[in-house]
Amino acid sequence: MTDTTQQDRVLIFDTTLRDGEQSPGATMSHDEKLEIAGLLDEMGVDVIEAGFPIASEGDFQAVSDIARNARNAVICGLARANFADIDRCWEAVKHAPRPRIHTFIGTSPLHRDITALTQDAMVDRIQATVAHARNLCDNVQWSPMDATRTEHDYLCRVVETAIKAGATTINIPDTVGYTAPRESADLIRMLLARVPGADTITFATHCHNDLGMATANALAAVEAGARQIECTINGLGERAGNTALEEVVMALKVRNDIMPYRTGIDTTKIMHLSRRVSQVSGFAVQFNKAVVGKNAFLHESGIHQDGVLKNAQTFEIMRPEDIGLTAKNIAMGKHSGRAALRAKMADLGYDLGDNQLKDVFVRFKALADRKKEVYDDDLVALMADAASNAESDHLSLRKLRVICGTEGPQEAELTLSIGGADHFVDATGDGPVDACFNAVKMLYPHGATLDLYQVQAVTEGTDAQATVSVRLSKDGRVFTGQSADTDTVVASVKAYLNALNRMHAGQGRANNAALVTGRTS
Ligand code: KIV
Ligand code: ZN
């Protein structure tokens with residue numbers, strides 16, 4: 001086995017809660033953000049970019065609370081190149097044992113046009129804002145947004161300015177996923193060779209996946225001298241997403257022979273984080289996604305199965321246990337007891353207290369009554385459902401009866417509890433889900449638009465649970481909901497109610513992508 005202790009350390013900077021959450025629809029509630037930050041910290045992520053504090057009061061609160069709860073990770077907030085953003089960012093991150101301010105400005109010709117700044121004026125702005133950030137915090141990261149489309153001479157000039165003004169990390173973003181591995185490496189080498197002081201700071205790589213090269217580009221940058229990779233769980237992020245944390249970390253682990261760099265990540269926590277991020281963001285992980293996809297360790301073909309049974313390494317380059325996929329995917333059933341459920345949940349990454357176990361056990365028994373075998377993925381879906389549908393919610397499903405047939409329209413008889421009082425209605429629609437949603441709207445007129453309705457089977461078989469994700473928008477705010485049930489229509493109604501409960505509680509998020517791509521002042 002390779003001794004990695006002497007190898008260069010590559011810092012893992014996770015931006016799931018900032019660049020990931022910025023992806024349209026990937027809204028997370030305050031509590032979910034705190035939970036994900038806690039899991040990232042526990043997994044050994046070096047820096048957590050917790051949000052964009054000036055974007056909204058909600059973002060500010062989330063970053064401050066994450067900062068207060070941080071244990072080992074550096075907590076970073078994003079700020080545009082102006083004093084108000086930087087001050088607000090500092091107010092949020094300063095509670096962390098190790099805070100960082102990350103400030104940026106678009107430096108490519110296209111971005112200079114948007115900000116209407118000349119090259120000289122932009123240099124002055126960078127000098128002033130980085131120095132201001134450094135006066136507040138001794139850990140400052142600076143990014144020239146769209147670096148990969150910025151003229152090299154000008155990129156050297158702005159990077160040198162930021163270093164002189166006090167930046168301790170310089171991040172080189174491939175904002176639009178335009179670069180390719182060789183160019184990504186050459187850019188870092190060029191900066192290291194030409195910029196005075198480049199050897200005194202850490203270079204970071206931040207890649208988007210528009211051409212499917214984010215992981216390759218990030219690793220190439222590391223080989224050229226970058227020592228921080230910016231990434232997200234499941235590659236979540238705007239458009240085609242960011243570099244996936246699980247991909248770069250496992251690539252460095254599995255191919256340590258040719259990429260001799262170490263990270264501080266406990267890779268056995270990857271699967272749990274991947275599942276939680278998928279659940280709370282409402283972004284399903286594609287089945288054939290590298291490392292964390294459902295099929296990543298499945299061997300269907302006869303030749304593959306035979307080979308794997310004789311020697312797992314025949315077709316497996318990593319072990320499922322390495323990413324925290326339980327080696328024993330033993331199905332549970334209605335005769336399984338409380339102790340077995342607790343052990344299984346611990347195996348899946350859930351540490352259940354007595355009261356929580358009691359509640360989950362009741363839900364598990366109800367599921368086992370309807371489904372012969374309850375698999376790991378069923379239990380993960382059940383946990384997510386328990387978190388998103390509580391008895392105490394403003395809206396909850398009491399009773400549902402759907403009448404379907406080849407002759408439409410379909411009909412739904414629905415009883416909802418609204419603020420503690422039961423209400424009944426009978427509605428029709430174009431299909432059972434439409435009928436149910438119409439019934440909900442009749443009982444609870446909300447004025448929101450349904451932007452996304454997505455169903456995914458949790459496991460195989462006709463008794464499989466369905467996970468449903470719903471996204472609503474109203475007045476520029478987005479509200480997501482999820483639920484799982486063996487009955488797809490019931491799961492749909494519960495997911496819809498989950499989104500409406502978030503709307504009722506004001507737990508939506510404004511689409512703040514424009515803040516990043518637009519003007520910087
Ligand atoms: O992609 C990008 O350029 C960014 C910056 C804000 C760092 O996310
Ligand atoms: Zn980005």
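# Worked exercises on a predicted model

Being four residues apart in helix α14 (residues 354-370), Arg363 and Asp359 sit about one helical turn from each other. This is a predicted model, in which local features need pLDDT of at least 70 and side-chain atom pairs count only at pLDDT 80 or more, while totals for chains, interfaces and linings use all residues. Residues are numbered from 1 along each chain as its sequence is written, chains are lettered from A and ligands numbered from 1 in the order in which they are written, and side-chain values use heavy atoms, with hydrogens and water left out.

## Exercise 1: salt bridges

Work out how the side chains of Arg363 and Asp359 meet, and compare the pair with other salt bridges.

Step 1. Start with the rule: a salt bridge is a side-chain nitrogen of Lys or Arg within 4 Å of a carboxyl oxygen of Asp or Glu. The count by this rule is 34 salt bridges.

Step 2. The N to O distance between Arg363 and Asp359 is 3.6 Å, and their side chains form a salt bridge.

Step 3. Arg363 is partly exposed because its relative accessible area is 25%, and Asp359 is partly exposed because its value is 37%. Elsewhere, salt bridges that share partners join Arg18, Asp19 and Glu49 into one network.

Step 4. Turn to helix α3 (residues 57-69), where Arg68 and Asp65 are three residues apart and so about one helical turn from each other. Their side chains also meet in a salt bridge, with 3.8 Å from N to O.

Step 5. Finish with Arg80 and Asp85, whose closest N and O atoms are 2.8 Å apart in a salt bridge. Both Arg80 and Asp85 are buried.

## Exercise 2: the shell around ligand 1

Find which residues surround ligand 1 and which elements supply them.

Step 1. Collect the residues with a heavy atom within 4 Å of the ligand. They are Arg18, Asp19, His102, Ser143, Met145, Asn171, Pro173, Thr175, His206 and His208.

Step 2. Sort them by class, with Ala, Val, Leu, Ile, Met, Phe, Trp, Tyr, Cys and Pro counted as nonpolar, Asp, Glu, Lys and Arg as charged, and the others, Gly among them, as polar. The shell then has two nonpolar, six polar and two charged residues.

Step 3. Look for polar contacts, meaning pairs of N or O atoms within 3.5 Å; within protein, one must be able to donate a hydrogen and the other to accept it, and residues adjacent in sequence count only if both atoms are side-chain atoms. Oxygen atoms of ligand 1 lie 2.6 Å from a polar side-chain atom of Thr175, 2.9 Å from one of Arg18 and 3.0 Å from one of His208. Of the 260 Å² of accessible area (Shrake-Rupley method, 1.4 Å probe; for residues, only the protein chains shown count as cover) that ligand 1 has on its own, the protein covers 97%.

Step 4. Follow His208 to its neighbour in the shell: a polar contact of 3.2 Å joins the side chains of His208 and His206. His206 belongs to strand β8 (residues 202-207), and it is buried because its relative accessible area is 5%.

## Exercise 3: residues in loops

Decide whether Ala116 and Asn234 are buried or exposed.

Step 1. Locate them. Ala116 lies in the loop between α5 (109-115) and α6 (119-136), and Asn234 in the loop between β9 (228-231) and α10 (245-254).

Step 2. Check the backbone. Although not a glycine, Ala116 has a positive phi of about 55 degrees; Asn234, also not a glycine, has a positive phi of about 65 degrees.

Step 3. Read the accessibility. Ala116 is exposed because its relative accessibility is 67%, whereas Asn234 is buried because its value is 15%.

Step 4. Asp46 sits between α2 (30-43) and β3 (47-51), and it counts as buried because its relative accessibility is 14%. Its C-alpha atom is 5.8 Å from that of Leu11, 35 residues away along the chain.

Terms used: Helices (H or I, at least four residues) and strands (E, at least two) are DSSP runs, numbered from the N terminus. Buried means under 20% relative accessible area, exposed over 50%, partly exposed in between (1.4 Å probe, protein chains only).
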